[in-house]
Amino acid sequence: MSVNEIARGVYAISGLKTGRCYIVEGDDGLALIDTSTADATTRIVAAVASIGRRPDDIKTIVGTHYHFDHVGNVGKLVEMSGAEFCVHESDVPYVEGRTPWRPATSPIGGVVDRFAPKQFSLKVDRVLRDGDSLPFGGGLQVIHAPGHTPGHIALYAKERRALFAGDSLMNIAGLRLPIAMSSHDMKQARASIRKLAALDFDVALPGHGRPIIGHASEKIAEWSKKWL
């Protein structure tokens, strides 16, 4: 596990089993964006300690979407910190366990689902909507970017010119679309990438793969032309 400051007050936690988590410093504490799979609580707490903070400094946890590799440690982290857990309104029924998770498609979808955790439910403290703002990193604007899931969001830190992209895209051996077999609507997912690329940001922080550093919105816009 390693922690790197990507932009001022924005830290990437890498080396987790699945995906990345991000820490954002605010005047009154920390926001944690995504939490990986359910085995990462200890490492996330260690990452927080490595920047001189304690678990109770975590004031907000944002799930960019309902998938278990993004909200897997929310329950334990909320119990430890008392943080407020936030999810977009369209993903709340999945997070709370009222709507069944969408099964993976493709010939290997059944195999993938067999090894995935059973559906769980989490208490959502704050329901997010497009345009909402969270008081971290100079203001994190909620950008509804559906497709991978109905309530998938990105978070835009305009002041720090950073975009927390969730699984709207990946950067694994180059920029890639979200995995189709675990996405709800790929046409919508492509439209969301175009929407995000229209913003002005220097750094993009995906849920999977390496951060994109330097002229990130331009790189994503240029990449998207290949499949438009």
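Which backbone nitrogen does the side chain of His152 reach? In this predicted model, in which local features need pLDDT of at least 70 and side-chain atom pairs count only at pLDDT 80 or more, totals for chains, interfaces and linings use all residues. Residues are numbered from 1 along each chain as its sequence is written, and side-chain values use heavy atoms, with hydrogens and water left out.

The side chain of His152 reaches the backbone nitrogen of Ser168 at 3.3 Å. His152 lies in the loop between β9 (140-144) and β10 (153-157); helices (H or I, at least four residues) and strands (E, at least two) are DSSP runs, numbered from the N terminus. With 0% relative accessibility, His152 counts as buried, a term that means under 20% relative accessible area, with exposed meaning over 50% and partly exposed in between (1.4 Å probe, protein chains only). Contacts (heavy atoms within 4.5 Å) of His152, not counting residues up to four places away in sequence, include Thr64, His65, Asp91, His144, Asp167 and Ser168.

The largest nonpolar core has 27 residues. Such a core is a set of buried Ala, Val, Leu, Ile, Met, Phe, Trp, Tyr and Cys residues joined through side-chain atoms within 4.5 Å. Ile13, Ile23, Leu32, Ile61 and Phe85 have the most contacts inside this largest core. Among the elements that give two or more residues to this core are β2 (10-14), β3 (21-26), β4 (29-33) and α1 (41-50). Apart from this core lies another, of 21 residues, among them Ile33, Leu128, Ile153 and Ala157. Not counting residues up to four places away in sequence, Ile13 touches Met1, Ser2, Arg20, Cys21, Ile23, Leu32, Ile44 and Ala47.

Rings of Phe, Tyr and Trp (its six-membered ring) pair if their centres lie within 6.5 Å; planes under 30 degrees apart count as stacked, over 60 as edge-to-face and the rest as tilted. By this rule there are 5 aromatic pairs. Tyr22 and Phe164 form an edge-to-face pair, 5.7 Å centre to centre with 70° between the planes. Tyr22 lies in strand β3 and Phe164 in strand β11 (residues 162-166), so the pair ties together parts that are 142 residues apart in sequence. Tyr22 is buried at a relative accessible area of 3%, and Phe164 is buried at 1%.

Trp101 and Phe120 also form an edge-to-face pair, at 5.1 Å centre to centre and 85° between the planes. Trp101 is in the loop between α4 and α5 (109-115) and Phe120 in the loop between α5 and β7 (126-128), 19 residues apart. Trp101 is buried, with a relative accessible area of 17%, whereas Phe120 is partly exposed at 24%. Ring pairs link Tyr66, Phe68, Tyr94, Trp101 and Phe120 into a cluster.

Technical notes. A polar contact is a pair of N or O atoms within 3.5 Å; within protein, one must be able to donate a hydrogen and the other to accept it, and residues adjacent in sequence count only if both atoms are side-chain atoms.
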